[in-house]
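Please look through the following report with the sequence and the model side by side.

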Amino acid sequence: MGGRGFCATALAVVALAAAAAVAFLESTAGGVAYAGDGWLHECAKWDAEGGRFLVSTFFGAGVAEVRVGAGTVEERVIVADPDVAGRVALGLAVDAPRRRILVAYADRPPRFGYAAVGAYDLGSGRRIFLARLDGPGESSFADDVAADEDGNVYVTDVKGSKIWKVSPDGEPLSAIKNATFTQRPGTLDNLIGLNGIVYHPNGYLLVIHTTGGDLFKVDPKTGAMSVVKVLGSLKRGDGLELLSPTRLAVAGMPTRLVDSSDDWETARVTGRYVGPAHRVGSSATVKDGDVYVNHIFGFGLGRKKTHVIAKAVFAPL
């Protein structure tokens with residue numbers, strides 16, 4: 001056998017071995033595996049009304065639905081806004097009371113300029129509004145999104161560590177800024193800033209700083225904020241999901257359960273879920289009382305990649 005033939009055979013063997021290893025690791029995830037375009041899907045949220053997962057398609061700059069069923073599961077794009085073509089779609093939220101999908105948009109890295117949030121009809125995908133958030137010459141990266149009981153929308157800026165506030169009809173209102181958001185000194189602890197965000201029914205926001213590991217409690221009306229005193233580490237925390245007023249899931253590496261008994265003045269990490277060893281958790285959602293973790297990277301050799309939304313089984317701490 002010539003050198004070229006040997007190399008081709010060796011590469012084929014390596015590819016098959018790698019595929020077998022990935023298939024084994026995928027089998028440990030549980031949850032939902034589906035075929036979708038592109039390597040990156042940043043966020044997945046359960047739409048209880050529609051009986052489906054909604055996922056942001058990152059470089060596709062849109063939203064796809066994933067319906068769980070027998071056989072091969074494939075995503076179907078339901079939001080493809082032409083005015084954000086060439087951008088990236090990141091965090092999304094299901095604003096069920098107003099039957100809206102909220103999506104955060106940003107520039108394609110390594111550019112850090114454009115930032116916007118879009119609202120789309122939950123049933124039809126029709127655009128309700130698209131609000132531009134960045135200011136002239138501003139370096140920003142819109143990452144995650146949440147809505148309060150009045151329909152106001154909040155978007156985190158992972159680059160500038162601030163929170164944009166947008167009215168229910170899409171009018172930018174203000175930006176919540178505080179030096180405490182970047183209280184830890186040094187570049188490494190501020191490399192990835194304010195990220196996951198949720199609105200608590202008691203009237204405040206909970207926001208995670210990814211590389212600093214801090215959880216903040218923010219009053220959206222006054223901008224007042226405090227650092228939640230957490231027993232346990234939340235470093236590398238990404239997307240957030242409230243399971244109840246006293247329990248929070250923090251997606252990441254690993255994904256953690258966090259509990260508070262004093263209205264999030266203090267909290268404690270009570271559970272840990274690592275997930276498939278070759279994947280990175282980026283968002284969490286709740287379906288039928290269980291936590292499901294979206295993993296940002298897809299795998300596969302063809303145009304369609306295999307993406308996983310894993311059912312999390314937490315080890316108590």
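## Burial and surface

Of the 317 residues in the chain, 52% are buried, where buried means under 20% relative accessible area, exposed over 50% and partly exposed in between, with a 1.4 Å probe and protein chains only. The accessible surface of the chain comes to about 13,900 Å², and 58% of this surface belongs to carbon and sulfur atoms; such areas come from the Shrake-Rupley method with a 1.4 Å probe, and for residues only the protein chains shown count as cover.

This is a predicted model, in which local features need pLDDT of at least 70 and side-chain atom pairs count only at pLDDT 80 or more, while totals for chains, interfaces and linings use all residues. Residues are numbered from 1 along each chain as its sequence is written, and side-chain values use heavy atoms, with hydrogens and water left out.

## Overall build

The secondary structure of the chain comes to 1 helix and 26 strands, which are DSSP runs numbered from the N terminus (helices: H or I, at least four residues; strands: E, at least two). The radius of gyration, 20 Å, is close to the 20 Å that the globule rule gives for 317 residues, so the chain is as compact as a globular protein of that length; the radius is taken over C-alpha atoms, and the rule is 2.2 Å times the number of residues to the power 0.38.

## The largest nonpolar core

The largest nonpolar core has 16 residues, and those with the most contacts inside it are L54, V63, V103 and Y105. Such a core is a set of buried Ala, Val, Leu, Ile, Met, Phe, Trp, Tyr and Cys residues joined through side-chain atoms within 4.5 Å. At least two residues of this core come from each of β5 (76-79), β6 (88-95), β7 (100-106) and β8 (115-121), and β7 gives the most, with 3 residues.

## Two buried residues

Where is L54 found? L54 belongs to strand β3 (residues 52-56) and is buried, with a relative accessible area of 0%. Leaving aside neighbours within four places in sequence, L54 is in contact (heavy atoms within 4.5 Å) with residues including C43, V63, I78, L92 and L122.

F141, by contrast, lies in the loop between β9 (127-132) and β10 (142-147), and F141 is buried with a relative accessible area of 8%. Not counting residues up to four places away in sequence, F141 touches several residues, among them V88, L90, F112 and V158. F141 and G193 are 52 residues apart in sequence and 9.9 Å apart in space, C-alpha to C-alpha.
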